[in-house]
Amino acid sequence: MNDIHSDETAIEVRDLTVAYGQQPVLWDVDVSVPKGVLLAVLGPNGAGKTTFIKSILDLVPVAGGSIRIHGRPYRRNRSRVAYVPQRGSVDWDFPTHVLDVVEMGTYGRLGWFRRPGAAEREQALKALAQVEMTAYAHRQISQLSGGQQQRVFLARALVQDAEVYLMDEPFQGVDATTERTIVELLKRLRERGKTVVVVHHDLQTVQEYFDHVLLLNGRRIAAGPVAEVFTEENLRATYGGRVAFLSSLLTQRAP
Amino acid sequence: MMDAISTLFSDYTVRTVALGATLLGITAGALGCFAMLRRQSLLGDAISHAALPGIAIAFLITGSKSPLVLVLGAGLAGWFGTFLITGLTRRTRITHDTALAMLLSVFFGFGLMLLTFIQRRPDANQAGLDSFLFGQAAALMQRDIQVMFGIGCVVLFLMTLFWKEFKLISFDAEAAHTLGLPVRALDHLLTALFVSAIVIGLQTVGVVLMSAMIIAPAAAARQWTDRLWVMMGLAAFFGAVSGVGGVLSSGLVPHLPTGPAIVLFISAIVVFSLLFAPNRGLAFRMMRQWRSGQEFRVDAVLVDMYRLASQHETVDHPHSEQVLNAMSGNARRTLHLLETLGLAQRIDDEHWALTESGTERARGLVEKRWGEGP
């Protein structure tokens, strides 16, 4: 699987420190994400996983450190990064429909004063097809289930046609169909050489879905290919003592 | 009544005033949709109250009651108010609602103080400034309408121009940022439009009730549609209708201030929309709930009868009401409903049986829900 990866670095994070008021959330984090990998960001609640993603996107003020996307600062490479927020972050009773939300992914490249037209509509429909939501294109967004909401957000990110995708807990509370759709999608993105960073919760599926992991708990515990880094020792360091279940999890994967 | 209205409309002043109210209703109503969707409903109230000292200060400095001067004063004070609210929320531990409430009362109190001070001066020119409290449409003059028209058009034009950007920052500001939009600048622009829409209404509606012109049309319009642009159109329409209605009734009824009259009109529209709008309306939802409850009870009794009958040779075997009561609670009313629907028939005082179509329906239900035959 590693042969797809080029030597190029998609995301380079150096000495990243983020604090909310007096409280440091991320402390001196160094990570370098190779191009074309599926990376899971793991850690307990409050470990700074969401903050890590948001600081890459310049959505939270960074106290120190530097972040580069394909060698350039995020501000100058914004169009190459797509973001899939937690679906709870918006009001789903907003008066709009699915296709309209997906078309929003084109607003960045449309520029000022231009309205989305036939071309944008077609791109949005294509993205909806990729997440198996074509039938819902004209559905009011308040009528969607959690999994469908998640797929709408994924389609909006796909429409951006970025190089790097940052996803905040896309598997959180979704149904089995959606989970399968997302996994397929992640694989397709990797085949196309895209880099995907996913905040993830379910340790059971890490080895199956991802090829790199970043273990966070305020600071970086470990980062690298799953086979090297996803070890009992590292997980214990990340999650503390509450990992009695981990040893069984890890023995399962022994070849 | 109709005569009085047609006389009013033939009157030049009244036509001017009605035009002003229409403009105001359209601008405030349309912009109010963004305010409501961004959960900034109370901001309008804070801005309009904060504008009062601005009006007083503008008059004190220039000695002029020219609408442009007063609107400018109101606008600057309103904008300064929102600036303080954002600053307080961002830099201190004061929450947004506390900052709003504080600012609203402090600015309004200060404005009242200045108004009192102005009225005590031996200066005849000050008369009429207090109409900014509750609005006095009769005092509107052609030059006021010109200012309202000018500002209203600019506001609506900018809103159409930045339509997709405003929609995106209202729905998902973080996504807007990652898509490369200057969210902070757009936010400031929208607030500025918001302030403009409010200050042009102050003379007509008054600082105390202006926020109703922003929020009420949007709240009513939201009930009727799930599309943003339809919602805006409806809100503008509701705003215009109540603006004209309020202005006319304040012209017909002596001593009725315009602000409260307009607010009564728009409140009636809101109440009607909350109750009777399809899908979201209260009446509609109660009806739907009652119907699905009724349907559920009908089906439950049908299935019970069917299952009882399936223990006998014939499906139309009669059952006593007592047994059915024990199975699905008070079955009597539902049985009568079944009879009306032609799904069950009464055999004697105590006994009921399924009709042919009732059997048919019950079989369908059982197969669908439990996947079994009799």
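Reader: How many salt bridges are there between chain B and chain A?
Author: This is a predicted model, where local features need pLDDT of at least 70, side-chain atom pairs count only at pLDDT 80 or more, and totals for chains, interfaces and linings use all residues. Side-chain values use heavy atoms, with hydrogens and water left out. A salt bridge puts a side-chain nitrogen of Lys or Arg within 4 Å of a carboxyl oxygen of Asp or Glu. Between chain B and chain A the count is 6.

Reader: Which residue of chain A meets the side chain of Lys167(B) in a salt bridge?
Author: The N to O distance of this salt bridge is 2.9 Å. The partner of Lys167(B) is Asp100(A).

Reader: How many residues does chain B bring to the contact with chain A?
Author: Contact means heavy atoms within 4.5 Å. Chain A brings 35 residues. Chain B brings 27.

Reader: What area is buried between chain B and chain A?
Author: Buried area is the accessible area (1.4 Å probe) that two parts lose on being put together, summed over both. Carbon and sulfur atoms give 60% of it here. The total is about 2,900 Å².

Reader: Which residues of chain B lose the most area to chain A?
Author: Three residues together account for 27% of what the chain B side buries. They are Lys164(B), Phe171(B) and Thr178(B).

Methods:
Residues numbered from 1 in each chain as written. Chains lettered and ligands numbered in written order.
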